[in-house]
Amino acid sequence: MYSAHFFIQVKLSEQSTLLETAEQKVAELVAKVNEQQRLISKLEDDILKGYNSTDRKGTRFDDWDIHDVGAELSENAEQKHIASDQDQNSMLKVICNQRDRFRARLRETEEEVRQLKEKIGGLTVELEKTKADNVKLYGKIRYVQDYSLEKLVSRGARKVLL
């Protein structure tokens, strides 16, 4: 009885340790997700504002709150300017690529619209021709029906007269 109780206590302590470890990992992951969401919203805001304004030219790194472990606070202004220009160029490339994708998609959509308009035009012409043919056929059918009725009436009249 004593050993079973001891065994259960050991299992309980092991499970408690695993639970604490898992809770710590969850807390770390939640913090990481929150930080990434904050950075994403910051990036979206910065993209909307644009990096070419003169009031943000020198303070770009101060806004990001990203600290590398090996980074020194004594970086000179020229290195910051070069890094800032590289970041601006990469952001410009991203935006230009997105613009190009939108333009390509727009061209494809415009081509599809043009093809659909041509198809609609062709179908409209075909519909008009079909309507005209139907009117002609209806006229011919009416003529044939009237002619057949006249023959029957005239034959019927002849038979009666004979």
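Reply: What follows begins with the chain as a whole and then turns to the salt bridges and their surroundings.

This is a predicted model, in which local features need pLDDT of at least 70 and side-chain atom pairs count only at pLDDT 80 or more, while totals for chains, interfaces and linings use all residues. Residues are numbered from 1 along each chain as its sequence is written, and side-chain values use heavy atoms, with hydrogens and water left out.

The protein chain has three helices and zero strands, and from the N terminus on its elements run α-α-α; here helices (H or I, at least four residues) and strands (E, at least two) are DSSP runs, numbered from the N terminus. Of the 162 residues in the protein chain, 5% are buried, where buried means under 20% relative accessible area, exposed means over 50%, and partly exposed lies in between (1.4 Å probe, protein chains only). The protein chain exposes about 14800 Å², and carbon and sulfur atoms supply 60% of that area, which was calculated by the Shrake-Rupley method with a 1.4 Å probe, counting for residues only the protein chains shown as cover.

Now to the part you asked about. The structure holds four salt bridges, a salt bridge being a side-chain nitrogen of Lys or Arg within 4 Å of a carboxyl oxygen of Asp or Glu. One of them joins the side chains of Arg38 and Glu35, at 2.7 Å from N to O. Because Arg38 and Glu35 are three residues apart in helix α1 (residues 2–49), about one helical turn separates them. Arg38 counts as partly exposed because its relative accessibility is 32%, and Glu35 counts as partly exposed at 32% relative accessibility.

Over residues 12–46 the model is 100% helix and 0% strand, with the end C-alpha atoms 50 Å apart.

In helix α3, the side chains of Arg114 and Glu111 meet in a salt bridge at 2.2 Å, N to O, and these two residues are three residues apart, about one turn of the helix. Arg114 is partly exposed because its relative accessibility is 38%, and Glu111 is partly exposed at 35%. Arg114 also takes part in a salt bridge with Glu118, at 2.4 Å from N to O. Since Glu118 and Arg114 are four residues apart in helix α3, about one helical turn lies between them.

A search of the whole structure finds one aromatic pair, and Tyr143 and Tyr147 form it, stacked at 6.2 Å centre to centre with 20° between the planes. Rings of Phe, Tyr and Trp (its six-membered ring) pair if their centres lie within 6.5 Å, and planes under 30 degrees apart count as stacked, over 60 as edge-to-face and the rest as tilted. Tyr143 counts as exposed because its relative accessibility is 58%, whereas Tyr147, at 42%, counts as partly exposed.
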